[in-house]
Amino acid sequence: MALPDITLQLAGESGEGVISGGDILTSGAGRAGYWALTFRTYPAEIKGGPCMFQVRIGAERIKSIGNQTDLLICFNQEGFELQHATVGDEGIVIADAESCKVSEEFAGRSFEVAFSQIAEEVSGSRRGKNMVVVGTVCGLLDIDTAEIEQLILQRYAHKGDVGEANIASLKAGEKNARENLPNVCNVDKPGPAERERILLSGNQAIVAGALHAGLNYFAGYPITPASDILESLAARISRFGGVAIQTEDEISAMASVLGAGYAGAKAMTATSGPGLSLMSELIGLGGTAEIPSVIIDAMRAGPSTGMPTKTEQSDLNQAAYGSHGEAPRVVIAPTTVDDCLQCAVDAFNIAETYQTPVILLSDQSLSHRLETVDRPDLSRIEVEDRLTVADPGSQNGSPASAFPRYKLEPSGISPMPIPGTPGAYVSTGIEHDEQGHPSYTAEVHQAMQDKRFKKLDPLAANARVTTTGPEKATIGILGWGSTEGAAVEAAEILTAQGVSAATFYPRVLAPLPVERIKAWAAGMDAIVVPEVNYTGQFARMVRADCEIPLIQFNQITGHPFTARQIADFITANVKTAAGAAV
Amino acid sequence: MPETIQRDAKDFKSDLKPIWCPGCGDYGVLAATYRAFAELGLDPDNTVIVSGIGCSGRFPGFVNSYGYHSVHGRALPTAMGVKMANPDLEVIAVGGDGDGFAIGGGHFPHAARRNVDITYVVMDNQIYGLTKGQVSPTSLHDQKSPSSPFGNTEYPLNTMATAIAADASFVARGASFRAKELTELIKAGIQNKGFSFIDAYSPCTSFNNTTQIWKDGVKYLPEDHDSTDRAAAFARALEDPLTLGVYYENARPSMVDQHDALKKAAEPQTVDGLLDGYALNIKAAA
C-alpha cells in the first residue's frame with residue numbers, strides 16, 4: 001500500500017553537501033508536484049560537526065515535520081549513530097558503503113550504496129557524493145531528474161564544469177537506485193496542482209511580505225537565525241527603492257528603524273532573542289512616541305547565548321512585556337511559511353494603522369524550513385498606510401506652536417505629520433501633552449497611557465484566528481506560532497482514535513484576544529497548550545487573563561514538536577471532566 | 001521644494017522656554033543654532049533635530065522645526081534612520097558628552113565612518129549635569145565629583161582625535177561663548193555633505209563651572225592649519241584641547257550618495273518578480 005507521505009533524512013558531516021543536497025532534492029520533489037516541508041539541524045560552528053536535513057514529501061499539503069523517519073540516508077557512521085533512533089519500525093536505512101555500518105536491528109531493511117565511489121567513477125571527484133544521494137532518492141521515489149538537472153546547472157553556473165559533474169553523479173545515483181535497490185518508497189503520486197506553487201523559507205516569505213507592504217528601510221545586525229533576512233534585503237531592497245543597513249549593534253538598528261518610521265518610511269529590523277533584549281528600551285520609546293515599526297524575532301533556544309541554531313518559542317514574554325514601565329506594543333506569530341508572508345504584511349498594516357511597534361515572532365524551525373505553498377495572489381493582500389495630516393496649516397515664517405501630534409482622539413489614533421510636510425512637532429518618549437511638550441501631571445499620564453493602550457483594543461477583537469475541528473470537543477489544543485501544523489495533525493490523530501479534538505491559533509498574542517479565547521474554550525472539555533519552551537509562557541498569559549484551566553505541554557529539545565508527540569502527551573496525561581482517560 | 005522664505009533667528013524659537021540653569025552654555029549653542037538655521041535659510045518643516053537624554057535632550061523642543069527626543073545615547077543611529085529614510089531632510093543631532101561618548105559612544109565611530117549626512121553638535125561640559133554632577137568621559141583626570149569623591153581615576157577622551165581617527169568628514173571644536181564662530185561652524189557642518197562633528201564647549205554653571213577658565217583659555221587653530229591634512233589634524237588634536245576651529249575635513253561620498261548610487265544602478269523589481277524566483281513551475285489545473 002502506498003503511503004500518503006514519506007519523511008526522509010539525510011545525515012552527515014557539515015561540509016559534505018547535506019544541506020545543499022537536501023535543498024535541491026526538495027526543490028526537485030516540489031517541481032514534480034509533491035508537497036514538501038523541511039527541517040534541518042546544523043552545528044553552530046563553521047567547519048565540521050554533524051548536520052541533518054529532513055524533508056517530508058507527500059501528495060497532500062504537509063503540515064509538520066513528520067513523526068518518524070521513513071528513509072534515513074547516512075553519509076557517514078556518525079550520521080547513522082545520531083539519527084537512527086528516529087527511524088520508524090518499518091523505516092529504511094541506506095548507508096554509505098565505505099564509511100557506515102548499520103546495527104543489527106536494521107537487518108533486512110538497510111542497504112548500502114557507495115555514494116563517494118559512484119561520484120568518483122562518473123565525475124572524477126568524490127565531491128558529488130551528495131548528488132549521488134539526491135539521485136538515489138529520485139530513483140526510489142520515481143522522480144524525473146530533468147528539473148533537478150536544470151536546478152544544478154543554475155546553482156553551479158559560475159563554477160565551471162561543477163554543474164556537469166554533479167549532473168553525472170545525480171544520474172549515476174538514480175540509475176543505481178533503479179537497478180539495484182528494491183522498491184522501498186511507495187508513496188502516493190501527487191495529482192494535478194490546483195494552483196501554482198512556490199517553495200520558500202519562512203525568512204524568505206517574511207522578506208517578500210515586507211516588500212509587498214512597502215518596506216523601504218531595513219537595519220539589522222547579523223544573528224542566527226535571522227541573518228538571511230539582512231542578506232536578502234541587502235541584495236535586493238535597492239531594486240524596490242529602499243535601503244538596507246548593517247548596523248554596529250541591534251540598539252543602533254532599532255533606533256534607526258524608529259528614526260526612519262518617524263520620517264515616514266516603512267521600517268523593519270530582524271533579529272533573534274539576544275538582539276531583541278538589546279532593543280527593549282527602544283521598543284518602549286516606539287510605543288510611547290507612537291512610531292510605526294516592525295521587529296522580526298526569529299527565536300532560537302535561550303537563555304543567554306543558548307543554542308543558537310536550535311528552535312524554541314521562548315521569547316514571548318520578552319516580546320510582550322520586555323521594556324521598562326508599561327510599554328504598549330503588538331506581538332504577532334505566523335504559523336506556516338505562507339503565513340509568514342501574510343503576517344509580515346499584517347505587521348506593517350498594524351504598525352501603520354495603530355502607530356506602534358509590532359514584533360513578529362518566528363522561530364528557527366519556521367525561519368529556515370522550506371515549504372511548498374500555494375503562490376499567494378498579492379493583488380488580494382491589502383496594504384494599509386498611516387493616518388497623516390492633510391493640511392495642518394503651514395507654520396512657515398512664524399514662531400509656532402507645535403502641531404498637536406498626540407491629540408486625544410476617541411480612537412486613540414492621532415494624525416501623524418511626516419517631516420518634510422507642514423506640521424512640525426517633537427516626537428518624544430518623555431511623557432507629553434497633546435503637542436508633544438513634556439508634562440508630568442497625573443491627568444496627562446493617565447490620558448496618554450489610556451490612549452496608547454486602548455487604541456489597540458480593536459486588534460484583540462478582530463485579528464485573524466485559525467481554528468480546526470468542532471465547536472464542542474473533548475480536547476482543545478490552544479497554541480501559537482509554528483506548532484500549529486503539528487497541533488492540527490495531532491487533533492486529526494485523536495479524532496481518528498474517536499476523541500473529538502479542535503485547535504485554536506490566534507495570530508495576535510498581545511493584546512491577547514481574551515474574549516475570543518474564552519468563547520472557544522467554553523466548548524472544550526480540556527485544553528492543552530503545547531509550547532516549545534520551559535515555563536509555558538503563552539499558557540501563563542492565557543491563564544492570567546482568561547482565567548481558564550489549561551494543561552501545559554512543554555518541550556525544549558531544540559526541535560519542533562511532531563504531531564505524534566502532542567497526541568501521545570494528550571492520550572497519556574489528559575483526563576476529561578468525567579474523569580475518564582482520553 | 002517650497003519657495004525660499006527669508007527667516008530671522010527668532011523664527012526658529014519655539015513657544016517652549018528653555019529649562020536650563022542660568023548661565024548654562026547650552027543657551028549659547030541654541031542661539032548659534034537659530035542663527036545658523038536663519039542664515040542658511042532652512043525650512044522648519046524640512047528640518048529635524050534629534051537628541052538623546054540629558055540637559056541637551058530637551059534642545060529640539062526649543063526649536064521651531066521637527067524634532068525627535070530619543071532615548072539615552074541613541075541620537076546618532078536615530079538621525080541616520082531619519083536621514084536615510086528621507087534624504088531631503090536637513091538632520092541635526094545634538095547631545096552632551098555623556099550621551100555621545102559614554103552610553104552612545106559605540107555609535108560615534110560608525111556614524112563617522114559611514115559618513116551619514118548629518119551634523120552632530122555635542123554640548124561638552126565635561127560632566128553629567130542632569131543627574132547632578134557625576135564625571136563624564138570628557139571629565140579631567142583627578143576631577144572630584146559625587147561619583148569620583150577621591151578624584152577621577154580615568155583620563156578624558158580626546159574627542160577631536162577620536163573623530164579624526166574615525167574619518168569624520170568634518171571635525172571642529174567651538175564654544176558656546178564664542179557665538180559668532182560657533183554659528184559659522186554649525187553652518188559649515190550643515191553645508192558639508194557627510195558626517196559633521198562639532199564639539200562645542202558648553203559650561204555647566206551648576207556642577208562644573210568652567211566658564212571663566214575656558215573663556216580665558218581658548219585659542220584658535222593657526223590660519224595656516226591645513227584641515228585636509230589628516231596627520232596635521234591629528235597633531236593639532238593632541239595639543240592644547242582648548243583650541244577652537246576646523247581640525248579636519250575629508251570630502252567624500254556620503255552614505256546617502258552611496259545608497260542613491262545603488263538605487264540608480266538597480267533594476268526595478270516587483271514582489272511578484274521576486275516570487276517568480278521561488279516558483280515550482282507546476283502547471284495549475286485549468
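Which residue in E10(A) is the bridge partner of Tyr217(A)? Select Tyr217(A) and look across: the partner is Ala267(A).

Before going on, some bookkeeping. Residues are numbered from 1 along each chain as its sequence is written, and chains are lettered from A and ligands numbered from 1 in the order in which they are written. This is a predicted model, where local features need pLDDT of at least 70 and side-chain atom pairs count only at pLDDT 80 or more, while totals for chains, interfaces and linings use all residues.

**Stop 1: the sheet in chain A**

Stay with strand E8 (residues 217–220) of chain A, which runs parallel to E10(A) and is joined to it by two bridges. Helices (H or I, at least four residues) and strands (E, at least two) are DSSP runs, numbered from the N terminus. Now show the whole open sheet: seven strands with mixed pairing, in the order E9-E8-E10-E11-E13-E12-E19 (chain A). Two strands pair if DSSP finds at least two bridges between them. At the edges, pairing on one side only, sit strand E9 (243–246) and strand E19 (508–510) of chain A. From one strand to the next, the twist averages 25°.

Axes here are lines fitted to C-alpha atoms, for helices over the stretch in contact, with angles from 0 to 180 degrees between N-to-C directions.

**Stop 2: two crossing helices**

Jump to helix H17 (residues 514–521) and helix H18 (residues 537–546) of chain A, whose axes come within 10 Å and cross at roughly 90°. That makes H17(A) roughly perpendicular to H18(A) (the term covers 65 to 115 degrees). Show Val514(A), Ile517(A), Lys518(A) and Ala521(A) from H17(A), then Val542(A), Asp545(A) and Cys546(A) from H18(A): these make the contact (C-beta atoms, placed from the backbone, within 7 Å).

**Stop 3: colour by confidence**

pLDDT is the predictor's confidence in each residue, from 0 to 100. Chain A has a mean of 95, with 97% of its residues at 70 or more. Select residues 394–399 of chain A, though, and pLDDT stays under 50. Where pLDDT is low, the predicted coordinates should not be read in detail.

**Stop 4: chain B**

Finally, switch to chain B, with its 10 helices and eight strands. Its C-alpha atoms fill a box of roughly 85 × 45 × 40 Å along the principal axes.

Methods: Angles under 35 degrees count as roughly parallel, over 145 as roughly antiparallel, 65 to 115 as roughly perpendicular and the rest as oblique. Two residues are in contact if their C-beta atoms, placed from the backbone, lie within 7 Å.
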